[in-house]
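Hi,

Here is the structure I promised to pass on to you. Have a look at it first, and then read on for what turned up.

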Amino acid sequence: MFKETYNAPLLEVLREYRKRQDTSFHVPGHKDGQAWQAYSGDEKELAQVMGIDATEITGTDDLHHPQGVIQEAQRLAAIQFGAEETCFLVGGSTAGNLALILSVCTTPGDVLLVQRNVHKSVIHGLMLAGAHAVFLAPQQDPGSGLSTLPSTAVVGEALRRYPGAKGVLVTHPNYYGMGAPLRPLADICHAHGVPLLVDEAHGAHFGQHPALPESALAAGADGVVQSTHKMLTALTMGAMLHVQGGLLDRTLLKQRLAMLQSSSPSYPIMASLDWSRSLLQAHGPDLLEEGLAAAAEIRQGLKQLSRFAVVEPPGASGESTAYTIQDPWKLVIYDAAGRLNGYELQERLEAEGCVPEMSDDRYVVLALGPGTTSQHAVHLLTALQRIAEVELKSGRKADKSALSANFSEPVQVSDVFSRQISTWNNVEDGVQPPLRDVWQGEGLQFAISESVAFNLTPVLPKEIESVPVEHSAGRRAAEMVIPYPPGIPLLYPGEKITEILAERLVGLRNSGAKCQGAADSQLLTIQVLKL
């Protein structure tokens with residue numbers, strides 16, 4: 001085990017604060033956990049956290065005007081992650097995405113070039129800014145059927161068509177840990193004098209070990225948001241916003257963060273960010289070795305289980321430029337026999353005591369991390385072996401329903417995606433579905449939309465009606481439909497529902513996928529604009 005050799009200035013101040021046991025005549029009302037200890041009996045876990053749940057008093061600094069330990073903690077984080085400046089986020093990557101958009105789109109009608117399959121926070125940021133989005137179709141990997149980044153050609157053409165665009169925003173890696181090099185995108189953005197903004201929520205660990213992909217900052221991105229809590233060791237909601245270069249107004253960015261984040265930020269969350277960084281600084285790549293070894297053990301073990309397979313880049317001989325990078329800590333597994341869809345496989349794994357990150361109609365995503373061990377790897381492989389044996393004994397045949405109609409036995413991954421209902425993809429037979437009927441292009445047909453206006457004006461009830469999802473094709477959505485996870489809107493208000501999207505909604509409903517935003521949580525109906 002690692003020795004406690006920390007250099008975590010904020011955490012150390014909070015430890016001293018807890019040791020002093022000063023009499024509190026300040027908020028919060030639990031008074032350093034004393035109220036909890038007095039009335040909670042033997043339940044002391046929360047009281048321990050409350051002991052460092054401080055506020056902005058002498059010595060603890062102020063997140064919105066840091067001059068002491070928070071300033072130092074953020075400075076050390078910037079060094080560790082390769083930024084010129086870093087801001088702690090206590091509202092997750094959502095707060096960072098919103099702040100980036102609001103700092104580059106400062107006037108209603110400003111244009112931002114946006115990868116279409118982005119987190120809902122990006123759509124919300126466009127609404128808050130009153131921005132016009134030009135959506136860029138992501139590339140689709142032919143082997144897995146999953147989508148990654150827009151191509152450099154698409155980004156370059158979009159910048160040519162919209163020379164007044166304020167920036168380009170992409171997500172990398174995707175929820176499945178998949179990606180492609182960011183450096184060409186950064187280069188073309190900088191050639192046009194605009195910033196590259198990257199939602200790197202699932203890549204906070206990138207660049208921290210030789211076996212991991214290059215980080216977005218190292219690739220030249222100007223503003224990068226990372227969920228330190230997702231793949232490293234911070235508390236939930238702990239994230240960071242990293243900045244470099246001169247293309248972002250940092251003063252304005254901090255003002256936007258002050259608008260979006262609580263004026264009473266969580267000190268335990270901030271301390272966990274400081275601690276997470278300090279672990280990396282103290283132990284370097286060694287901190288990640290055990291988790292990476294466990295990932296390798298699982299991949300090796302899967303080779304012995306013919307029933308299950310894992311998604312991997314095609315390799316040097318492959319033709320996919322969309323998918324050349326895979327996060328070792330994201331294992332995307334599936335039933336190679338095609339009998340179990342992703343949701344069913346997740347249920348089987350949970351019954352075995354293994355809880356995945358997410359699933360879709362085909363895949364199950366397993367998120368590993370610094371706390372993953374060989375014991376965990378053995379547990380997973382044993383569970384998969386047991387699931388395979390049970391399925392073999394049951395004699396269950398491949399599901400021929402609409403959801404799994406493309407799965408047969410044996411199955412090749414590349415053969416099953418003409419109607420893939422992934423909660424990450426927003427693609428239709430290899431291209432992005434039309435948005436407001438304005439997708440166009442010469443040589444890049446359907447890859448670049450015209451500008452789509454966003455605002456906060458709600459749709460009035462008198463303008464809305466509910467229709468059966470099966471009969472929704474051709475109508476325009478009056479609500480967001482957001483499969484969660486991963487939180488990527490399949491539809492946003494005003495977007496046209498195509499035949500394929502209607503089929504996708506039916507498939508998601510039948511598979512039991514959880515969706516946010518929809519008034520009908522069962523997805524029997526969908527709210528659309530009246531004709």
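R307 is buried in this predicted model, with a relative accessibility of 12%. Its side chain meets that of E391 in a salt bridge, at 3.9 Å from N to O. R307 sits in the loop between α12 (286–302) and β9 (308–310), and E391 belongs to helix α14 (residues 374–394), so this pair ties together parts that are 84 residues apart in sequence. E391 counts as buried too, because its relative accessibility is 5% and the limit for buried is under 20%.

R509 is buried at 18% relative accessible area, whereas E470 is partly exposed at 45%.

There is a network as well: salt bridges with shared partners join E84, E85, R250 and K254.

R20 and D22 form a salt bridge, with 2.9 Å between the closest N and O atoms. Here R20 is partly exposed at 44% relative accessibility, and D22 is partly exposed at 40%. The count of salt bridges comes to 19.

W36, L46 and V49 make a nonpolar patch of about 230 Å². Of these, W36 is placed in helix α2 (residues 34–39) and is partly exposed, with a relative accessible area of 30%.

Best wishes

Definitions and conventions
Residues numbered from 1 in each chain as written. Predicted model: local features only at pLDDT ≥ 70, side-chain atom pairs only at ≥ 80, totals over all residues. Heavy atoms only, no water. Patch = residues over 30% accessible without salt bridge, like charges linked within 9 Å, V, L, I, M, F, W, Y side chains within 5 Å. Areas by Shrake-Rupley, 256 points an atom, 1.4 Å probe, with all protein chains shown as cover. Salt bridge = Lys/Arg side-chain N within 4 Å of Asp/Glu carboxyl O. Helix = DSSP H or I, 4+ residues; strand = E, 2+ residues; numbered from the N terminus. Buried < 20%, exposed > 50% of the residue type's maximum accessible area, 1.4 Å probe, protein only.
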